Amino acid sequence: MSTIGQWQLRAAFAARLSEMYGREVPAYTTLVDVSREVNEDVLRARGADAERLGSIGRVTAERHGAIRVGTPRELRQVARVFGALGMHPVGFYDLREAAASAVPVVSTAFRPVNGEELARNPFRVFTSLLTPADPRFFDADLRARLEAFLAARELFPPELLTLADRAAADRGLRPDDAERFLQLAVRAFELSAEPVDRAWYRTLERVSAVAADIGGVRSTHINHLTPRVLDIDELYRRMTDRGIEMIDTIQGPPAWKGPDVLLRQTSFRALAEPRAMRTEDGSVVSGALRVRFGEVEARGIALTRAGRALYDELLDRVDEQAARHPGTARADLARAVWERHLPGSEEELAAQGLAYFTYRVADDRPHDGRTPPAGITELVRQGWVRAEPVVYEDFLPRSAAGIFQSNLGGEGTRDSDAQGTAYDADWLSGAIGREVLDPFALYERQQNRSLARTARTLGLTEPVS
């Protein structure tokens, strides 16, 4: 009997999740439709240049999801489910430090990690873990109540986890098992119809709407799904024209005349969804919660560690400018800062070691008998080698926190005088039970492999750098 491979499971899961979320949140379907229209228009206008950072097939199919869980045990189970799909935890994001309001979570992203798997299907899930041990948000009594509540629930049925482990071990499943796995996996992320304990939810909501969404219910759900678009500014305009209320800003780098880098994100605002609420006397009444929204993203070139340091420095410069010029639009200030301090071409980004590229020997260079130079910058300048930008596959903590904040009903509470609990990538690796991979190391490996292939093809005895 044939086997359904992990990438095929991943693609099917992403498609079914998108269908389910579109039924539950119809505005998401509008977002997907408008994204497709924008992508088709950009492709017609720009031709091959529109596919510089990924084929139109990949861009149109690309999604990322976001979920939230409450305990390391739940996070380990999530890792098993996504491990079945060939997805690994990459990156550590501390949204507690990236947000001014109460966002008491640390996060990672589960995604494919090699180029072939990303090309087949790049689905990724931004996964946040609640931090009840952080006294800035939860006092001892609330922490104890919250941890007891979380310990008593079960998010993923044993059958799903058994099938997930089998898929991971065998790198796929038989068709009947694959179908059952997909049914159970999608069902695990549907919005539950179980009544929400209104008093308990409101207790957590006073601390943080994010905490209430995670620890105020007995299930989890897809918090948002995100298509990829080639022109996010045009997408924002068209969604607004259709009467969809968008958040105030596009998070991440500004629109400017230079290369697209890292990640730009925006969303429509969380919608009030009907939910059954259980009151203090045990009766069930109709209520509504605003926790889910539709996000959209535009991906650019992955920056090196030096490039990210420069990016963070530029954000600080924009903050300073915004404080000095409160009447000026932040996007205009950011654009001016970028144009003063960030190289305006891919060539300069590469030459200054600020961004990642893969390299291949040019097929069309005449064979003139000359000896190729040793350095990659000269190899590219003289036409021996072509540079292709590496797409940024990950996330930005400040942008993620900004999206979360823009969709919260209130600021929540935070005791900034208390000492926060320390979390880092090593702690999260232990919590998950598998290594949280360093995204910079993944990009660097991809670049270095291409440099090694280039050196071999050109017959160079020294490594290309």
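This is a dialogue on reading a few features of a predicted model.

Visitor: What should I know about the model and its numbering before I start?

Guide: The model is predicted, and local features need pLDDT of at least 70, side-chain atom pairs count only at pLDDT 80 or more, and totals for chains, interfaces and linings use all residues. Residues are numbered from 1 along each chain as its sequence is written, while side-chain values use heavy atoms, with hydrogens and water left out.

Visitor: How are aromatic pairs described, and how many are there by this rule?

Guide: A pair of aromatic rings is described by the distance of the centres and the angle of the planes. Rings of Phe, Tyr and Trp (its six-membered ring) pair if their centres lie within 6.5 Å, and planes under 30 degrees apart count as stacked, over 60 as edge-to-face and the rest as tilted. By this rule the count is 15 aromatic pairs. In one of them the centres of Phe13 and Phe189 are 6.2 Å apart with the planes at 65°, so this pair is edge-to-face.

Visitor: Where in the chain do Phe13 and Phe189 lie?

Guide: The pair links distant parts of the chain, 176 residues apart: Phe13 belongs to helix H1 (residues 6–24), and Phe189 to the loop between helix H9 (175–188) and strand S7 (196–197). Helices (H or I, at least four residues) and strands (E, at least two) are DSSP runs, numbered from the N terminus. Phe13 and Phe189 are both buried, where buried means under 20% relative accessible area, exposed over 50%, and partly exposed in between (1.4 Å probe, protein chains only). Together with Phe82, Phe110, Phe123 and Phe156, they form one aromatic cluster.

Visitor: Which faces does strand S14 have, and which residues lie on each?

Guide: In a regular strand the side chains alternate between the two faces of the sheet. Strand S14 (residues 385–389) has a covered face with Val385, Ala387 and Pro389, and an uncovered face with Arg386 and Glu388. Two strands pair if DSSP finds at least two bridges between them; here five bridges join S14 to strand S13 (residues 357–361), and the two run antiparallel. Within this pairing, Phe357 stands opposite Pro389.

Visitor: Is Arg228 buried or exposed, and which side chain does its own side chain meet in a polar contact?

Guide: Arg228 counts as buried because its relative accessibility is 3%. Its place is in the loop between strand S8 (224–227) and helix H12 (232–241). The side chain of Arg228 makes a polar contact with the side chain of Glu62, at 2.8 Å; such a contact is a pair of N or O atoms within 3.5 Å, where, within protein, one must be able to donate a hydrogen and the other to accept it, and residues adjacent in sequence count only if both atoms are side-chain atoms.
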